[in-house]
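Please work through the exercises below with the sequence and the model side by side, trying each task before reading its solution.

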Protein chains: 2
Amino acid sequence: MILNAAFHEFAEKGFEQASTNAIVKEAGIGKGMLFYYFKNKQGLYEYLIEYTLDVIIHDYLEQIDTEERDFIERFKQASRLKMKAFLEYPALFRFAGTFMLDEASIPEKLKPRLEKLQQLGYAMMYENIDTSLFRDDVDVEKAFQLIRWSIEGYQNELKQRLQGENLAAMDFDPLWEEFYEYLEVLRKSFYS
Amino acid sequence: MILNAAFHEFAEKGFEQASTNAIVKEAGIGKGMLFYYFKNKQGLYEYLIEYTLDVIIHDYLEQIDTEERDFIERFKQASRLKMKAFLEYPALFRFAGTFMLDEASIPEKLKPRLEKLQQLGYAMMYENIDTSLFRDDVDVEKAFQLIRWSIEGYQNELKQRLQGENLAAMDFDPLWEEFYEYLEVLRKSFYS
DNA sequence: TTTTTATTGACCAAAGTGGTCTAATAGGAA
DNA sequence: TTCCTATTAGACCACTTTGGTCAATAAAAA
């Protein structure tokens with residue numbers, strides 16, 4: 001499918017280095033189709049970004065339950081949602097990972113939408129958190145960050161460990177077990 | 001200088017996508033020079049990797065004082081060394097960051113050297129650590145990882161915050177202050 | 001049938017590729 | 001001054017790739 005091939009190519013090479021020839025080849029379609037559906041390379045790229053932002057908002061961020069006031073529990077919940085969305089749209093999420101980090105790679109006209117998403121992301125993760133759960137001898141803001149970095153670090157490590165594996169045919173349960181153990185340690189350490 | 005231009009280009013585009021034309025242009029030299037000093041693109045690339053591994057070992061890893069048995073203190077020390085080395089060879093370190101994560105990007109003949117470096121890195125960080133400092137209701141191995149992920153997370157965030165700033169003319173003291181505050185929180189949380 | 005929509009791939013000029021080679025130059029030795 | 005050798009530049013090479021167009025169709029709808 002066109003979009004997946006495009007996600008893949010842009011994620012791997014970035015906008016300029018990405019090749020429309022490579023995309024149609026991987027998608028198994030004729031060159032003409034790409035420019036029949038999209039004005040040009042830039043148009044395709046912008047469509048991909050908009051599409052990506054929409055998916056992240058609707059299939060991930062908006063699903064987070066902000067009624068959960070326990071920060072670690074909320075993060076755990078969000079991690080499951082993220083993984084679920086990732087397994088559904090792996091190419092899209094890999095693409096998201098590349099352009100979200102790099103201001104320069106996103107067209108001016110889409111920056112406001114990205115900012116909106118970032119604000120929403122922040123809200124869904126940090127709003128309505130019960131700060132009284134934390135031990136009172138540490139700054140809660142700092143604890144937030146440390147927990148976030150810890151979890152992201154674990155997830156990155158996982159990503160590397162699973163590089164090249166067949167994700168579809170995998171049993172994730174033991175990994176979730178391991179993840180929960182780490183969360184337990186965080187709970188013991190940062191909560192009172 | 002040739003090497004810096006090459007580090008930059010390879011870091012940004014990877015081996016295949018990197019352009020020798022772009023390198024000589026950025027270096028401000030004639031095309032001939034590159035192939036006078038190096039056999040070909042591949043030869044240049046391999047030289048850069050070997051050079052990088054040497055610098056990381058001698059200017060960073062081997063400088064870490066393994067007499068320091070406090071894990072967090074050791075990490076703090078290592079962070080200062082890393083930053084010092086980074087400020088001295090920024091292009092080289094950015095290059096290192098790209099190819100160290102990606103098995104496929106390193107030539108077969110250099111893989112043993114990379115493995116040696118990884119082993120050394122592990123040893124310099126985790127050997128001779130006083131595990132009795134940790135609280136005894138959590139698995140020390142897990143605490144190691146969480147602390148590592150936390151610190152790496154902070155450093156990544158810094159990297160992003162400082163993107164595009166003039167590092168040479170910067171005052172890092174307040175950042176180190178902030179960093180130490182995070183280390184204090186880690187200490188309170190993971191040590192007994 | 002006719003009309004509309006979807007699809008292909010040959011084709012284009014332009015740009016870029018890694019690499020070679022000749023010719024010029026610089027700097028030191030004689 | 002005259003050589004000689006170590007550097008250096010960049011024009012040039014054959015070849016690939018680039019984003020994009022377009023006329024020819026195949027398929028579907030009317």
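Predicted model: local features only at pLDDT ≥ 70, side-chain atom pairs only at ≥ 80, totals over all residues.

Residues are numbered from 1 along each chain as its sequence is written, and chains are lettered from A and ligands numbered from 1 in the order in which they are written.

**Exercise 1.** Describe the surface near DNA strand D.

Step 1. Taking a residue as near if its C-beta atom, placed from the backbone, lies within 6 Å of the strand, one finds 16 residues around DNA strand D, the closest being A:Ser19, A:Gly32, A:Asn40, B:Gly30 and B:Gly32.

Step 2. Two or more residues each come from α2 (20-27) and α3 (31-37) of chain A and from α3 (31-37) of chain B, helices here being DSSP runs of H or I with at least four residues, numbered from the N terminus.

Step 3. The largest share, four residues, belongs to α3(B).

**Exercise 2.** Determine how the buried residues of α6 (residues 90-99) of chain B are arranged.

Step 1. Counting a residue as buried if 20 or more other C-beta atoms, placed from the backbone, lie within 10 Å of its own, the list is B:Leu92, B:Phe93, B:Phe95, B:Ala96 and B:Phe99.

Step 2. Viewed down the axis of α6(B), these buried residues fall within an arc of 160° (taken from the directions from the helix axis to the C-beta atoms), so they line one face of the helix.

Step 3. Their packing partners are α1 (2-17), α4 (41-59) and α5 (71-88) of chain B.

**Exercise 3.** Which element of chain A gives the most to the side that touches chain B?

Step 1. With contact meaning C-beta atoms, placed from the backbone, within 7 Å, 20 residues from chain A and 20 residues from chain B take part.

Step 2. α8(A) gives the most to the chain A side, with eight residues.

Conventions:
Buried ≥ 20, exposed ≤ 12 C-beta atoms within 10 Å, placed from the backbone. Contact = placed C-beta atoms within 7 Å.
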